[in-house]
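Subject: Structure handover

Hello,

Please find the structure for your files below. My notes on it come after.

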Amino acid sequence: MIAAYPASYRKHFKESLLQTFDDMREDAAASDWFIIRDAIASIPMQYVNYFHETMKIKFKNLPAAIAGAALLLPFALLVAIAAPAQLLYKLGYANPVNVGIGQIIGTHVGLGTVILIFFPIAAFLINFVALIWAGFRDRELTVKQFVAGNVFSIVIMILGFGFALFLPFHDAIPCFVQGIWQNGFNNFLPLMNACRNA
Amino acid sequence: MKQKTPANDLLTPAVFYILLALSAQERHGYDIMKQVKTDSAGAVAMGPGTLYGSLKRMMNDELVEEVASKTGERRIYYRLTIKGKKALGGELRRFAGAVKFAKEKGLKQLLALRWTLDTS
């Protein structure tokens with residue numbers, strides 16, 4: 001668990017943390033769950049502090065990143081539900097997505113289109129524009145500083161792009177990945193053609 | 001413009017209770033954790049990750065400093081700096097002022113005022 005903390009924090013407090021864990025174990029002072037919960041809460045904070053201290057980063061474009069994340073959330077939830085639902089279906093149970101959410105989206109095609117295509121495109125565009133704007137605004141920054149400061153926005157933009165491609169290519173992508181995995185890039189063009197019709 | 005520092009700014013509950021725990025004596029990490037829990041009557045229970053994160057920030061703000069153990073233990077002890085003592089003193093004075101104000105106004109009257117504000 002200590003390994004999950006940033007290096008600077010670990011270097012300074014590793015011995016103290018180990019000593020404290022030992023003390024707590026001797027006293028039976030806290031449950032493992034308390035320590036895990038504390039680590040979950042404190043590790044991200046230490047990384048935020050680490051970026052502030054070492055790279056002097058002030059995170060930018062956070063509103064765009066948050067708006068993008070909110071737009072991607074319904075898609076992510078849908079996929080998160082669909083995957084185990086498909087497993088249930090394979091095990092012989094009724095697919096809850098087909099009888100629930102799938103039915104809603106099936107009968108409201110517009111809603112499905114918005115969630116699965118337009119929301120990710122909107123997330124991509126919002127962050128793309130925000131990044132272009134930030135690029136003009138912060139011209140004095142190095143590439144590394146720019147990427148670090150806008151990391152959330154960049155991640156959401158990439159996810160938005162990936163999610164937007166997911167629906168039209170969701171059958172082709174596994175076929176393509178499997179083809180590359182098995183044969184490398186030797187038969188790249190035939191593979192593209194084969195997977196296009198998958 | 002007057003720069004805000006922890007010495008004249010409001011302290012977070014974690015920072016306040018750590019300063020309070022160190023006000024009587026130097027303590028090591030686990031000792032601070034226990035004292036904070038006692039002083040806050042269990043309301044602030046911080047784990048090791050949070051504690052050392054707070055101590056790191058407080059050392060950057062020069063509120064506390066590390067001291068080597070006098071008994072030759074491997075533990076690191078922490079103590080208040082002058083700035084830390086001032087910050088704690090300021091916060092305690094603020095609390096004392098609030099208590100004095102509550103006594104003067106009468107607690108019932110204050111609670112009634114709060115109820116009026118909550119419901120308006």
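The notes cover the conventions, each chain, the helix packing, the sheet, the cores and the contact between the chains.

This is a predicted model, in which local features need pLDDT of at least 70 and side-chain atom pairs count only at pLDDT 80 or more, while totals for chains, interfaces and linings use all residues. Residues are numbered from 1 along each chain as its sequence is written, and chains are lettered from A and ligands numbered from 1 in the order in which they are written.

**Chain A**

Chain A has ten helices and zero strands. Helices (H or I, at least four residues) and strands (E, at least two) are DSSP runs, numbered from the N terminus. The order of elements is accordingly α-α-α-α-α-α-α-α-α-α. Chain A has 198 residues, of which 19% count as buried. A residue is buried if 20 or more other C-beta atoms lie within 10 Å of its own, exposed if 12 or fewer, and partly exposed in between, with C-beta atoms placed from the backbone. Among the contacts in chain A with a separation of 6 or more, 72% join residues 24 or more positions apart. A contact here means that the C-beta atoms of two residues, placed from the backbone, lie within 7 Å.

**Chain B**

Chain B has five helices and three strands, in the sequence pattern α-β-α-α-β-β-α-α. Of its 120 residues, 28% count as buried. Residues 24 or more positions apart make up 49% of the contacts in chain B with a separation of 6 or more.

**Helix packing in chain B**

Helix 1 of chain B packs on helix 3 of chain B at an angle of about 80°, and the axes are 10 Å apart. Axes are lines fitted to C-alpha atoms, for helices over the stretch in contact, and angles run from 0 to 180 degrees between N-to-C directions. The angle makes helix 1 of chain B roughly perpendicular to helix 3 of chain B; angles under 35 degrees count as roughly parallel, over 145 as roughly antiparallel, 65 to 115 as roughly perpendicular and the rest as oblique. Ala14(B), Val15(B) and Ile18(B) of helix 1 meet Thr50(B), Ser54(B) and Met58(B) of helix 3. These residues divide into four nonpolar, two polar and no charged. For the classes, Ala, Val, Leu, Ile, Met, Phe, Trp, Tyr, Cys and Pro count as nonpolar, Asp, Glu, Lys and Arg as charged, and the others, Gly among them, as polar.

The axes of helix 1 and helix 2 of chain B come within 9 Å and cross at roughly 105°, which makes this pair roughly perpendicular too. Helix 1 of chain B contributes Tyr17(B), Ile18(B), Leu20(B), Ala21(B) and Leu22(B) to the contact, and helix 2 of chain B contributes Ile32(B), Gln35(B), Val36(B) and Asp39(B). By class, that gives seven nonpolar, one polar and one charged residues.

**The sheet**

Chain B has an open, antiparallel sheet of three strands in the order 1-3-2. Strand 1 and strand 2 of chain B are the edge strands, each pairing on one side only. Two strands pair if DSSP finds at least two bridges between them. Strand 1 (residues 27-28) and strand 3 (residues 76-80) of chain B pair over two bridges, and Arg27(B) has Tyr78(B) as its bridge partner. Strand 2 (residues 64-68) of chain B pairs with strand 3 of chain B over five bridges, with Arg79(B) as the bridge partner of Glu65(B).

**Nonpolar cores**

A nonpolar core is a set of buried Ala, Val, Leu, Ile, Met, Phe, Trp, Tyr and Cys residues joined through C-beta atoms within 7 Å. In the largest core, of 29 residues, the members that touch the most others are Ile18(B), Leu19(B), Leu22(B), Ile32(B), Val36(B) and Val64(B). Helix 1 of chain A and, from chain B, helices 1, 2, 3 and 4 and strand 3 each supply at least two residues. Helix 1 of chain B has the largest share, seven residues. A second, separate core of 16 residues includes Ala64(A), Ala65(A), Ile126(A) and Ala130(A).

**Between the chains**

In the interface, 20 residues of chain A contact twelve residues of chain B. On the chain A side, helix 1 (7-27) and helix 2 (32-55) are the elements that give two or more residues, and helix 1 of chain A gives the most, with eleven. The chain A side has eleven nonpolar, six polar and three charged residues.

Regards
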